[in-house]
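Below is a set of questions and answers on one protein model and its ligand. The sequence and coordinates come first.

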Amino acid sequence: MSLNICILGRKSNGLNILNISRKVQCRALSAAVAAPQPKQRNSQNVVLVDGVRTPFLTSGTSYSKLMPHELARHSLLSLLQKNRLDKELIDYIVYGSVIQEVKTSNIAREAALAAGFSNKTPAHTVTMACISSNAAITTGMGLIATNTYDVIVAGGVEFMSDVPIRHSRKMRGLMLKANKAKTLGQRLALLSTFRPGFLAPELPAVAEFSSGETMGHSADRLASAFNVSRGEQDEYALRSHTLAKEAQEKGYFTDLVPFKVQGVDQVVDKDNGIRVSTPESLAKLRPAFVKPYGTVTAANASFLTDGASACLIMTEEKAKQLGLKPKAYLRDFLYVSQDPVDQLLLGPAYGIPKLLKKAGLTLKDIDSWEIHEAFAGQIVANLKALDSDWFCKTYLGLSEKLGSPDLSKWNNWGGSLSIGHPFAATGVRLCMHTANRLVREDGKLGVVAACAAGGQGVAMLIERYPGATAD
Ligand SMILES: CC(=O)SCCNC(=O)CCNC(=O)[C@H](O)C(C)(C)COP(=O)(O)OP(=O)(O)OC[C@H]1O[C@@H](n2cnc3c(N)ncnc32)[C@H](O)[C@@H]1OP(=O)(O)O
């Protein structure tokens, strides 16, 4: 028998369209009593021991003079310090990165060396757009499952304060040829081919390579396809910022490790993009991408963010041997992908039903949802897709809609819209917020899901570890 007392919390913020109530779920008798058991998949239990992140900062602020591997270094060192771990214990490091600093392309290795890890600890870097640190974690799970390694650090870093801006292709061609020219005559001949237009730089864009469409434009198109109004998007964005602020003030972001940045007077100890606004000021903002009729604005989109994260995963047996107290079991995961020219931000809508089916669970079994908020319109569209017979039958092959997740369990500490979204670092934050929320909210099972450029997505199942704490 489970006792399920729901206390109606403070005023609802008027989120009627999404039907988001501010119910605080109190499961006084532990969820474990009648809780479902997901199908066992791993031959060995893989546990998430702990995870940390730098404060997430809007790009161009206190981290702007750093290099990305220095941010990653901070998360690696902090993970070890927080868990009082010897660097020699780490068998392997996997890190995610999306927009790469060309000098540190294998940033996992550069960050590890900068952090003083043994040069005998191999490290590699993965990239899968906004789910790159999920890919780092699941790569680590694979290395553990194949008995290749026992103790893995997985993480991710993104640094939007300094991105590689290139010369144009023509200018690059000219410069490479000039490098090879042997005589003054050859150099002068090349110089005569130079045209001022060659100097126009190539800026990296947060855009889909195959279609050239920016993510913001895709979000606008998705919102329009699912009839998500501007009002719904602003309302959802306000919810995200409000809940993040509340969680920040209550000290729930225990995954965040303060950072003394060289040259910056004050220790950076908070995410700086959380900004609770009023519905009126949100309504005044102009469209950021599709002008003049689009609905995605600077306030209902995630913002360009600098940050890094790292987590420690290993077999349960190893954690016991080392006397470590894990936070969660990493129970299951899967990736999904669709045509990016159609709709590329529906990863959660594709991934969640598949994951639940694979694990033998239903929506009701999930106590904590941590879903990446690329855009408010993208989140509302994913919710509408899950609750749509048409979408679930046509695109997922289900006999009917999956339904609506309980929104009182959904991103209760805000999300990427408010906390920030350093692309390759977000996955670890999602897993850590899930693990810590399961403890604070007395739940058992959590789902992480995210969309990513390329039309890809991830869904992960996380289970609270007995005796876990949220510190
Ligand atoms: C799967 C994935 O995750 S894909 C990746 C998803 N993420 C992205 O693609 C990143 C999208 N975001 C962006 O590119 C940028 O943040 C943009 C283009 C939306 C906005 O960039 P900027 O214009 O530089 O934003 P900026 O911070 O200046 O804000 C613009 C205005 O909105 C206002 N604003 C921003 N946020 C808020 C807020 N929460 N409340 C009220 N006003 C706000 C600002 O004050 C500013 O107003 P002003 O013009 O009067 O000064």
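**Domain record, fold and ligand shell**

An unreviewed UniProt entry places the feature "domain: Thiolase C-terminal" at residues 324-464. The model discussed here is predicted.

Q: How far apart are the end C-alpha atoms of residues 324-464?
A: This is the span that UniProt gives for the feature "domain: Thiolase C-terminal". In the model the span is 36% helix and 22% strand. The distance between its end C-alpha atoms is 15 Å.

Q: What is the mean pLDDT of the protein, and where does pLDDT stay under 50?
A: The mean pLDDT is 92, with 92% of the residues at 70 or more. For the complex, the predictor gives a pTM of 0.92 and an ipTM of 0.98. The model has 52 contacts beyond four places in sequence for the stretch where pLDDT stays under 50, which is residues 1-33.

Q: Why does the protein count as being as compact as a globular protein of its length?
A: The protein has 14 helices and twelve strands. For 471 residues the globule rule gives 23 Å, and the protein is as compact as a globular protein of that length because its radius of gyration is close to this value, at 23 Å.

Q: Which share of the contacts with a separation of 6 or more joins residues 24 or more positions apart?
A: The C-alpha trace spans about 90 × 55 × 50 Å along its principal axes. Of the 471 residues, 51% count as buried. Among contacts with a separation of 6 or more, the share from residues 24 or more positions apart is 80%.

Q: Which residues come nearest to the ligand?
A: The shell around the ligand divides into 16 nonpolar residues, six polar and one charged. Of the 23 residues there, the ones that come nearest are Met215, Ser277, Ala298, Ala299 and Ala374.

Q: Is Gly216 buried or exposed?
A: Gly216 lies in helix H6. Beyond its neighbours within four places in sequence, Gly216 is in contact with Ala288, Phe289, Val296 and Ala301. The C-alpha atom of Gly216 is 8.1 Å from that of Val290, 74 residues apart along the chain. A residue needs 20 or more C-beta neighbours within 10 Å to count as buried, and Gly216 has 23, so Gly216 is buried.

Technical notes
Residues numbered from 1 in each chain as written. Predicted model: local features only at pLDDT ≥ 70, side-chain atom pairs only at ≥ 80, totals over all residues. Near = placed C-beta within 6 Å. Nonpolar A, V, L, I, M, F, W, Y, C, P; charged D, E, K, R; others polar. pLDDT = per-residue confidence, 0-100. Contact = placed C-beta atoms within 7 Å. Helix = DSSP H or I, 4+ residues; strand = E, 2+ residues; numbered from the N terminus. Rg over C-alpha atoms; globule rule 2.2 N^0.38 Å. Buried ≥ 20, exposed ≤ 12 C-beta atoms within 10 Å, placed from the backbone. UniProt positions renumbered as here; feature names shortened; annotations may be inferred.
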